[in-house]
Amino acid sequence: MGFLHLLAVAARVRRSKKKDTLAPLLSAPDRDSLIDWLRHRPLIHYDKKRKVTMVHAGIPPIWTLKQACLYASKLEKALQGENYQEFLQFLFKSDSINSMEEAYTRRAKLKLTAAYLTQMSERLVASLDITYGVHGH
């Protein structure tokens, strides 16, 4: 969750890790405007003319592009909201969620969306295999 980790460190929700290279950004004189700019970046870019979609990590094969854009938009709103620090705390301090069926609350669905769009780990891909019979390895 690279950029989410940066946001969480900047919001003092997480501590920086030894291997992080965030210090120059976090100590920059324009740090607050840089962090604010990052919070307002889209999580998915779709160029209809070129028929190209860009995302940080991946889009689960169980989602349509329309669903991915909708879920990303909801996550963007949470990251751009006044209480974004509280939301980041939820993202990093709560239990992991492996499928939408496990995501009973709006926040839990946003947490899973964040995991898919920003880290698409082997664990998440494996949960798709188990839950949906998707073979995308």
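At what angle do the axes of helix H1 and helix H3 cross, and within what distance do they come? I started with this pair. The model is predicted, and I read every value below as computed from it.

**Entry: H1 against H3**

I took H1 as residues 2-10 and H3 as residues 31-39. Their axes cross at roughly 140 degrees and come within 11 Å. That makes H1 oblique to H3, because roughly antiparallel would need an angle over 145 degrees. I also looked up the handedness: the crossing of H1 past H3 is left-handed.

Next I listed the residues that touch. H1 brings Phe 3, Leu 6, Leu 7 and Ala 10 to the contact. H3 brings Arg 31, Ile 35, Leu 38 and Arg 39. I sorted them by class: 6 are nonpolar, 2 are charged and none is polar.

**Entry: cover over H1**

Is H1 largely enclosed or left open by the rest of the structure? I found it largely enclosed, since 8 of its 9 residues are buried. The buried run in H1 holds Phe 3, Leu 4, His 5, Leu 6, Leu 7, Ala 8, Val 9 and Ala 10. I then asked what lies over them. The cover includes H2 (23-26), H3, H4 (65-80), H5 (84-93) and H6 (106-118).

Most residues other than glycine have a negative phi. Which residue just after H1 takes a positive phi? I noted Arg 12, at about 65 degrees. Arg 12 is not a glycine. It sits in the loop between H1 and H2. Its relative accessibility is 70%, so Arg 12 counts as exposed.

I placed Lys 51 in the loop between strand S1 (44-47) and strand S2 (52-55). Lys 51 is exposed, with a relative accessible area of 70%.

**Entry: H4 against H6**

I went on to another helix pair. Two packed helices are described by the angle between their axes and the distance between the axes. For H4 and H6 I have an angle of about 110 degrees and axes 9 Å apart. That makes H4 roughly perpendicular to H6, because the range for that label is 65 to 115 degrees.

Which residues of H4 meet H6? I wrote down Tyr 71, Ala 72, Lys 74, Leu 75 and Ala 78. On the H6 side they meet Leu 110, Thr 113, Ala 114 and Leu 117. By class, this contact has 7 nonpolar residues, 1 polar and 1 charged.

**Entry: whole chain**

The protein has 7 helices and 2 strands. Along the sequence I read the pattern α-α-α-β-β-α-α-α-α. Of the 137 residues, 39% are buried.

How much of the accessible surface belongs to carbon and sulfur atoms? I noted 52%, out of about 8,700 Å². I also checked how far apart in sequence the contacts reach. I counted contacts between residues at least 6 apart in sequence, and 55% of these join residues at least 24 apart.

Notes: Residues are numbered from 1 along each chain as its sequence is written. This is a predicted model: local features need pLDDT of at least 70, side-chain atom pairs count only at pLDDT 80 or more; totals for chains, interfaces and linings use all residues. Side-chain values use heavy atoms; hydrogens and water are left out. Helices (H or I, at least four residues) and strands (E, at least two) are DSSP runs, numbered from the N terminus. Buried means under 20% relative accessible area, exposed over 50%, partly exposed in between (1.4 Å probe, protein chains only). Contact means heavy atoms within 4.5 Å. Accessible areas come from the Shrake-Rupley method with a 1.4 Å probe; for residues, only the protein chains shown count as cover. Axes are lines fitted to C-alpha atoms, for helices over the stretch in contact, and angles run from 0 to 180 degrees between N-to-C directions. Angles under 35 degrees count as roughly parallel, over 145 as roughly antiparallel, 65 to 115 as roughly perpendicular and the rest as oblique. A crossing is left-handed if the near helix is turned anticlockwise from the far one by less than a right angle, and right-handed if clockwise. Ala, Val, Leu, Ile, Met, Phe, Trp, Tyr, Cys and Pro count as nonpolar, Asp, Glu, Lys and Arg as charged, and the others, Gly among them, as polar.
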